[in-house]
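Please look at the sequence and the structure below before reading on. The report then follows one stretch of the chain, the packing inside, and the place where two chains meet.

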Amino acid sequence: MSRTATLVTADWVEQHLDDPDVVLVEVDEDTTAYDKGHIKGAVKLDWTTDLQDQVRRDAVNRDQFAALLSERGIANDDTVVLYGGNNNWFAAYAYWYFKLYGHDAVKLLDGGRKKWELDSRELVDEVPAREKASYTAQEQDTGIRAFRDEVVAAIGVKNLIDVRSPDEYAGRLLAPAHLPQEQAQRAGHIPTAGNVPWSKAANDDGTFKSDEQLKALYSEAGIDWDKDTIAYCRIGERSSHTWFVLHELLGEKSTKNYDGSWTEYGSLIGVPIALGDEAGEA
Amino acid sequence: MCGATSGGVSLEGVDLAKESVIEGVVTRSDGNGGGAPVENAYVRLLDRTGEFAAEVPTSATGEFRFFAAPGEWTVRTLAPRADVVDQRVVARQGVVAEVSVTI
């Protein structure tokens, strides 16, 4: 993959605002952000309701995803451009989701909503009316999704990358610092996981760093490029950002996102946990 | 909107005794000693090593809030048509640390 296949700039988006083959989709951590203004023509996905099964803890299944995109008027041959707040955390999560269900033509707006706003580009209130589509989703590509047993088996064997902030990694915080900290699960990290916060892959304005900078970042963190890699965070959205960097920008095809992440791992009975700033032993 | 007190985002239901809150308001100076709150700024929280910890967009009244851990932090503010502003702040458990940012 390359940047041209996976990323678009804000200028590109402005030039394609009226392109009928391009569907802009906003996905935010703050699910009310879209309602306060969005890029013209963009439709909204709510990660808490649209991208989570509402009964059990899981991704929506193939049929649910197909029904969702059909209802939002997104067709299989549309080029989907995702963007959102928080440096594209949840847009990257949605990107991973589109890839999970086999949608090839999907791209991220580099810098997301923040870059768009900092550039003082136009946001509108009007919600577009899109005709319903008939979307067909593929079977989940589990080549990009890691589950808990695979993660436990990967300790000391595969690259594990914890992309949370250093304080979350060490166990000093249980959640990102813009959220309240009361949680049920244990703090810490998966033993042998390196800590490469997702934010190191992005510039202050939310755009991705260059391929050379990214390659150096993970090399310096001790990643073994000959091994498979699993990225995790707290609920799988920040690790989608890092999965995007490794799998889509750097072309590391044996990279998976562990969407269960710390809220699952830190609640499991009997699994090993490392505390403090060191990776810990297998 | 002008003159809104800082920290307007609700803390309802949060046990403040367990939290180390950093909050404040971003104001754009009018050059005459006054200013207006900035609703489309992005405020980043950096830890004691300068590493990113969190980021929030400001509210309609220019406000932001973080739930940090006790210690030294830097609040970095990015806004359209403004230079980046960094401010140091110390968080303590059970105390709300107030920060006023002027761009």
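Just after helix 8 of chain A, A:G222 takes a positive phi of about 95°, where helices (H or I, at least four residues) and strands (E, at least two) are DSSP runs, numbered from the N terminus. Helix 8 of chain A, residues 211-220, is hardly covered, with one buried residue among its ten; a residue is buried if 20 or more other C-beta atoms lie within 10 Å of its own, with C-beta atoms placed from the backbone.

This is a predicted model, in which local features need pLDDT of at least 70 and side-chain atom pairs count only at pLDDT 80 or more, while totals for chains, interfaces and linings use all residues. Residues are numbered from 1 along each chain as its sequence is written, and chains are lettered from A and ligands numbered from 1 in the order in which they are written.

A nonpolar core is a set of buried Ala, Val, Leu, Ile, Met, Phe, Trp, Tyr and Cys residues joined through C-beta atoms within 7 Å.

| Core | Residues | Among its members |
|---|---|---|
| Largest core | 63 residues | A:V25, A:A91, A:L108 |
| Another core, apart from it | 29 residues | A:L118, B:F52, B:F64 |

Where the chains meet, the contact (C-beta atoms, placed from the backbone, within 7 Å) takes 22 residues from chain B and 21 residues from chain A. Strand 4 of chain B gives the most to the side of chain B that touches chain A, with six residues.

Note on methods
Two residues are in contact if their C-beta atoms, placed from the backbone, lie within 7 Å. A residue is buried if 20 or more other C-beta atoms lie within 10 Å of its own, exposed if 12 or fewer, and partly exposed in between; C-beta atoms are placed from the backbone.
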